[in-house]
Amino acid sequence: MAENPIGLLLNRLYDLCLLKMDDKGPNRSAEGHKFEDETSEQIYHFARDAGFDPNPPRTTLNLPTRSGNAHQFDASFRTGGDIFVVECKNTREAAKDYLYYFNAEILDYVHAIDPQQSLSMKGIFLSTVPVAHSAWRYGLAYGIRIVDPDSPPPEYVLKD
């Protein structure tokens, strides 16, 4: 059985999350950007190698939104009719509000997609701090894949 490429990506992101969870030096902003840069670079190369269509890090998608606002994502790529967008958080604070805001950005695009385009948008939220149970329920309800240090993706648990 061939492995799911998205599952392989989530496994890599979980490993990166574990490496970075204690990497919160005195300059939080710089560490956060460094985490975004490293993660985005890994996602870009993974997507390219998997035959997906990756966007450069911190891309603002060239798609309409319901609000008319454009949103930038830390990483993104397209495979078939699926657009994956990724948000990375290397913070000391709870990730809950960041997850809600991330989903609001996704929904802004989703509500503007022409139904005849056969296009969907999927979110991956990567946090170096544990995500609260209520935020997990929220993410699951909206189909966002969450990766945090306390919760490996199922693909990670099932790997050999």
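Modeller: Contact means heavy atoms within 4.5 Å. Keep in mind that this model is predicted.

Colleague: Which residues does Asn11 touch, not counting residues up to four places away in sequence?

Modeller: Asn11 touches Pro153, Glu155, Tyr156 and Lys159. Asn11 itself sits in helix H1, residues 5-20.

Colleague: Is Asn11 buried or exposed?

Modeller: Buried means under 20% relative accessible area. Asn11 has 8% relative accessibility, so Asn11 counts as buried. Its side chain reaches the backbone nitrogen of Tyr156 at 2.9 Å.

Colleague: Now the sheet. What is the order of the strands?

Modeller: Strands of a sheet pair through backbone hydrogen bonds, either parallel or antiparallel. Here the sheet is open, with five strands in the order S1-S4-S5-S6-S7 and mixed pairing. Strand S1 (53-54) and strand S7 (145-147) each have a single partner strand, so one side of each is left without a neighbour in the sheet.

Colleague: How many bridges join strand S5 to strand S6?

Modeller: Eight bridges join S5 (residues 82-89) to S6 (residues 120-127), and the two strands run parallel. As one example, Val85 has Gly123 in S6 as its bridge partner.

Colleague: Which strands does helix H3 touch where it packs on the sheet?

Modeller: Helix H3 (residues 96-110) touches S5, S6 and S7, and its direction makes about 165° with that of S6.

Colleague: Which residues of H3 are buried?

Modeller: The buried residues of H3 are Leu99, Phe102, Asn103, Glu105, Ile106, Asp108 and Tyr109. The buried residues of H3 pack against strand S2 (59-60), strand S3 (72-73), S5, S6, helix H4 (133-141) and S7.

Definitions and conventions
Residues are numbered from 1 along each chain as its sequence is written. This is a predicted model: local features need pLDDT of at least 70, side-chain atom pairs count only at pLDDT 80 or more; totals for chains, interfaces and linings use all residues. Side-chain values use heavy atoms; hydrogens and water are left out. Helices (H or I, at least four residues) and strands (E, at least two) are DSSP runs, numbered from the N terminus. Buried means under 20% relative accessible area, exposed over 50%, partly exposed in between (1.4 Å probe, protein chains only). A polar contact is a pair of N or O atoms within 3.5 Å; within protein, one must be able to donate a hydrogen and the other to accept it, and residues adjacent in sequence count only if both atoms are side-chain atoms. Two strands pair if DSSP finds at least two bridges between them. Axes are lines fitted to C-alpha atoms, for helices over the stretch in contact, and angles run from 0 to 180 degrees between N-to-C directions.
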